[in-house]
Amino acid sequence: MKLYRSILLVTGIVLAGCEDFLSKIPDNRTQLDSKEKISEVLVTAYPDGNYMPFCEAMSDNVEDNLSQSQDVINTDAYFWRDITASSQDSPENYWNTCYSAIAAANHALQAIEQAGSPAEYNAERGEGLICRAYAHFMLVNLFSQQYDPLTAAYQPGIPYVTEPETESLKGYTRGTVQSVYEMIEQDLVEALPLINDEEYVTEDADASGVPHYHFTRAAAQTFATRFYLFKRDWNKVIEHAGKVFNNGDFAANLRPWNSTYGTYSAEQMMAAYTRSTEKANLLLAGCISNWFVNFRILRYSTGINRMREIMAPNPTGGNYAYSLISNSNQIYAVPKYREHFVRTSTNANTGFSYTFIPLLTAEEALLSRAEAYAQLERTEEALVDMNLWVSKRVSGYVPQYHNLSANRLYNFYGETNNQKATLRAVLDLRRTEFVHEGMRWFDIRRHNITVVHTTRDGERYELKPGDPRRALQLPAEAITLAGLEPNPR
């Protein structure tokens with residue numbers, strides 16, 4: 001039994017009237033005997049599922065709102081129940097799309113090996129390896145317990161698949177979190193020097209944003225930054241963050257919230273945030289997802305209380321320049337997404353709703369480096385990175401009034417330990433930056449943060465460190481048909 005419901009290697013969809021990043025791919029009868037065909041398969045080596053909806057609902061970014069829009073995935077995630085729904089925006093759907101992406105990467109890598117792995121395929125091999133690493137990384141950080149060097153060798157991981165699936169009843173084992181991380185690192189380290197941005201260059205003027213849907217050098221280094229942050233290798237985080245941009249210039253590549261973005265309407269902001277020409281977007285994905293609509297209307301979403309907690313007061317002492325929209329039920333949202341409806345054919349009235357989401361950004365690389373500096377007690381360097389972020393986020397920014405310092409953090413947090421205060425500030429900045437993007441859930445797991453969810457009826461639910469529910473349950477088919485051991489409950 002395959003690990004996923006395969007929809008791989010069928011004729012691809014071309015997105016009409018929006019970001020044209022998907023191209024036609026060969027079906028499973030096509031021989032992958034050229035760079036062009038292998039490149040076309042690699043287009044599908046990126047998951048087209050969305051992890052943000054259930055990650056946000058499990059985190060402390062949401063609350064029980066007055067909204068009447070209720071969804072079973074959103075509800076189960078809020079109460080940390082095993083999510084059995086398999087529709088889009090579910091954990092099972094994300095599992096399937098990750099393993100489908102892995103299968104595409106493995107098909108491409110196999111074709112390169114069968115060609116004798118000539119140097120002319122180096123860029124494609126690099127992309128295939130890092131795509132495989134990324135999808136496995138996301139899976140192990142959702143369906144296994146968080147990496148901890150003291151326990152990783154004993155915690156169940158997820159199957160690390162390195163060959164195309166050719167057997168219908170092939171057996172799989174989960175390995176351990178440590179073994180999965182080792183294989184991710186092996187693929188990542190091999191891939192990094194092979195990535196070649198020139199492979200994505202095209203003469204088509206309408207395709208100027210195409211590289212942002214592939215692992216460019218900047219995206220690959222940012223993924224490496226995330227991997228080593230989760231692995232707690234702080235020096236590697238700093239090393240790879242420093243390689244994201246050729247000149248190390250983060251300032252020119254951060255989102256201009258307190259300048260250009262401040263002139264946009266909500267609709268313009270939705271279009272700009274995930275635009276492929278936005279320099280902050282290092283890797284984008286088009287997902288079959290309703291997140292565009294749901295993140296601002298579902299019952300368990302970012303209400304007024306959580307948004308106040310995330311945005312104000314904040315350690316800068318100023319006001320963040322983020323745009324906010326709200327509805328009559330006091331659900332607040334930063335306008336980050338817009339819908340792209342793709343018809344099944346030119347004359348069809350049916351189709352799929354796509355939401356474009358940022359997978360890797362300049363802000364993530366910068367704030368990850370700030371956290372690594374803080375972990376190494378290099379707090380002054382952490383503050384430099386944090387203040388660079390502040391300079392693009394605070395309305396009417398004035399360095400002497402808004403820049404973070406050890407004294408300002410002490411006054412805000414009441415924390416006498418400078419390192420701890422700096423880490424708290426970094427996590428708060430990350431929470432603000434990535435609201436609606438699911439990243440808070442990963443930070444909660446990494447830092448063993450307790451999450452409390454309440455209901456309008458006054459019921460209180462708590463998810464503490466060590467709770468087995470902090471790892472999503474494996475899909476039922478992976479347990480019953482692929483024979484994988486379920487997570488404990």
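Helices are DSSP runs of H or I with at least four residues, numbered from the N terminus. Helix 3 spans residues 72–78, and N74 lies within it. The model is predicted. At 5% relative accessibility, N74 counts as buried. A polar atom of the N74 side chain lies 2.9 Å from the backbone oxygen of Y300. Beyond four places in sequence, N74 touches A57, L298, R299 and Y300.

The average pLDDT is 91, and 91% of the residues score at least 70. Residues 6–29 stay under 50. For this stretch the model has 50 contacts beyond four places in sequence.

T97 is buried, with a relative accessible area of 9%. The cut-off for buried is under 20%, so T97 falls within that class. A polar atom of the T97 side chain lies 3.0 Å from the backbone oxygen of Y94. Leaving out residues up to four places away in sequence, T97 touches P47, D48 and G49.

Aromatic pairs were examined next. A pair of aromatic rings is described by the distance of the centres and the angle of the planes. The structure holds 31 such pairs. One of them joins Y134 and F215. Their centres are 5.9 Å apart, with 65° between the planes. The pair is edge-to-face, because an angle over 60 degrees counts as such. Y134 lies in helix 5 (residues 122–143). F215 lies in the loop between helix 6 (177–191) and helix 7 (217–231). The pair therefore ties together parts that are 81 residues apart in sequence. Both Y134 and F215 are buried.

W257 and Y273 form a tilted pair, because their ring planes meet at 45°. The ring centres are 6.3 Å apart. W257 lies in the loop between helix 8 (234–241) and helix 9 (266–273), whereas Y273 lies in helix 9. The parts tied together by this pair are 16 residues apart in sequence. W257 is buried, at 1% relative accessibility. Y273 is also buried, at 1%.

The ring of Y273 has a further partner. The charged end of R255 sits over this ring, 3.7 Å from its centre. Y273 thus pairs with W257 and carries the charge of R255 over its ring. In another part of the model, the charged end of K35 sits over the ring of Y121. Here the distance to the ring centre is 6.0 Å.

Helix 8 also contains V237. V237 is buried, at 0% relative accessibility. Its contacts beyond four places in sequence are T225, Y228, L229, S368, R369 and A372. The C-alpha atoms of V237 and A370 are separated by 9.4 Å. These two residues are 133 residues apart along the chain.

Strand 2 covers residues 281–288. The strand is mostly covered, with seven of its eight residues buried. Strand 2 pairs with strand 7 (residues 351–361) in the antiparallel sense. Seven bridges join the two strands.

Most residues other than glycine have a negative phi, and most peptide bonds are trans. The peptide bond from A312 to P313 is cis, with omega near -5°. P313 is found in the loop between helix 11 (304–311) and strand 4 (325–326). D89 has a positive phi, near 70°, and is not a glycine. D89 is buried, with a relative accessible area of 7%. R232 also has a positive phi, of about 70°, and is not a glycine. R232 lies in the loop between helix 7 and helix 8. At 33% relative accessibility, R232 counts as partly exposed.

Terms used. Residues are numbered from 1 along each chain as its sequence is written. This is a predicted model: local features need pLDDT of at least 70, side-chain atom pairs count only at pLDDT 80 or more; totals for chains, interfaces and linings use all residues. Side-chain values use heavy atoms; hydrogens and water are left out. Rings of Phe, Tyr and Trp (its six-membered ring) pair if their centres lie within 6.5 Å; planes under 30 degrees apart count as stacked, over 60 as edge-to-face and the rest as tilted. Buried means under 20% relative accessible area, exposed over 50%, partly exposed in between (1.4 Å probe, protein chains only). A charge sits over a ring if NZ of Lys or CZ of Arg is within 6 Å of the ring centre and within 35 degrees of the ring normal. A polar contact is a pair of N or O atoms within 3.5 Å; within protein, one must be able to donate a hydrogen and the other to accept it, and residues adjacent in sequence count only if both atoms are side-chain atoms. Contact means heavy atoms within 4.5 Å. pLDDT is the predictor's confidence in each residue, from 0 to 100. Two strands pair if DSSP finds at least two bridges between them.
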